[in-house]
Amino acid sequence: MFQPSNMTVRTWNSELIKTQMIKLKNANYAKIGGGLVFGVLLMCMVTWNVELHKEHMDLKRSHEILHKTSQQLHSKQAKLNKQHNNLKDQLEGESVSSKDEKNGERHKRSVRVPQSAAGGAVFTRWGRTSCPNTSGTELVYTGVVGGSYFQHHGGAANYLCLPRHPQWNKYGVGGAVSLIYGTEFQVVSNLFGNQNSRTFDDMDVVCAVCRVSRRSSQVMIPAQRQCPSGWTKEFEGYLMAAHHGHQGRTMFTCVDHDPETDAKGYENKNGALMYKVTASCGSLPCPNYVNGRELTCVVCTK
């Protein structure tokens, strides 16, 4: 049987050890390589997660901006809807009556006055039961003109537009009083419009209280037929007041140039009276005023 020498055994052992060392070294290299790959993969995952988190935050911010913008748009839409409804209310109406100048027939159209509307100007259209057909003008109420008796020393110095259906509180309690009467035209000449050639003498005067929702100021300008630039003409007419020889005094009033009268008030019962106003030269500059000429007037809003 073959027996290797000691030298051969040592050689074999040396080769075996070298082989094991090489294997161990290669295994270590493999472990190191695997660790490096794992480290690279881990860094990639961390970087990816960071990027995902950043994108998530960007999306969250974008969502918040879109939500805020949506709320602002809803708020603006609500304001526009409110403005639209207010405008619609103004164009619809409370009951307004108008007179057809050609055939004398009266037409009515319904308007609902918006309760939410604020501001505006209020004026009285003396001699008419309807408001002018100007933009944003609505009827508040109609009535008859009242005032103090033309021969009384006391009482009030202004005309009132009295509603046709008074609302009473306490009454008949006695004591001293002031009196209010109806008002009659004292016009025997053809002063008013071409459609009203009939005599107005002793006819009872009517009135309408009107509100302009889109304009806040109103003025009556005597001796003018047109409004200043930038103002809206509501109506024009003639200046009227009590007779200069009577004991009672009244305010100068602009009566519509094409008036109506109370159909039931055609009798001569006196009361408060309305006369045309004419110029009287002296302290009044003539020219441009002309003695004895009837004065016009106009009611304007802005």
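Biologist: How many disulfides does the count come to?

Modeller: This is a predicted model, so the pairs are computed from its coordinates. A disulfide here is a pair of cysteine sulfur atoms within 2.5 Å. By this rule the count is 5.

Biologist: Is the disulfide of C131 and C210 left-handed or right-handed?

Modeller: The sulfur atoms of C131 and C210 are 2.1 Å apart, and the two residues form a disulfide. The torsion about their S-S bond is about -100°, so this disulfide is left-handed.

Biologist: How many residues apart in sequence are the parts that C131 and C210 tie together?

Modeller: C131 is buried, and C210 is buried too. C131 sits in the loop between β3 (121-126) and β4 (137-147), whereas C210 belongs to strand β7 (residues 206-212), so the parts tied together are 79 residues apart in sequence.

Biologist: Which strands hold C161 and C207?

Modeller: C161 is joined to C207 by a disulfide, S to S 2.0 Å. The torsion about that S-S bond is about 95°, so the disulfide is right-handed. The pair ties together parts 46 residues apart in sequence, because C161 lies in strand β5 (residues 160-163) and C207 in strand β7.

Biologist: Are C161 and C207 buried or exposed?

Modeller: Buried means under 20% relative accessible area. By that cut-off, both C161 and C207 are buried.

Biologist: What is the torsion about the S-S bond of C254 and C297?

Modeller: C254 and C297 form a disulfide with their sulfur atoms 2.1 Å apart, and both residues are buried. The disulfide is right-handed because the torsion about its S-S bond is about 90°. The pair links distant parts of the chain, 43 residues apart, with C254 in strand β10 (residues 253-256) and C297 in strand β12 (residues 296-301).

Biologist: How many helices and strands does the protein chain have?

Modeller: From the N terminus on, the order of elements is α-β-β-β-β-β-β-β-β-β-β-β-β. The secondary structure comes to 1 helix and 12 strands.

Biologist: What share of the contacts with a separation of 6 or more is between residues 24 or more positions apart?

Modeller: A contact means heavy atoms within 4.5 Å. Among contacts in the protein chain with a separation of 6 or more, residues 24 or more positions apart account for 68%.

Conventions. Residues numbered from 1 in each chain as written. Predicted model: local features only at pLDDT ≥ 70, side-chain atom pairs only at ≥ 80, totals over all residues. Heavy atoms only, no water. Helix = DSSP H or I, 4+ residues; strand = E, 2+ residues; numbered from the N terminus. Buried < 20%, exposed > 50% of the residue type's maximum accessible area, 1.4 Å probe, protein only.
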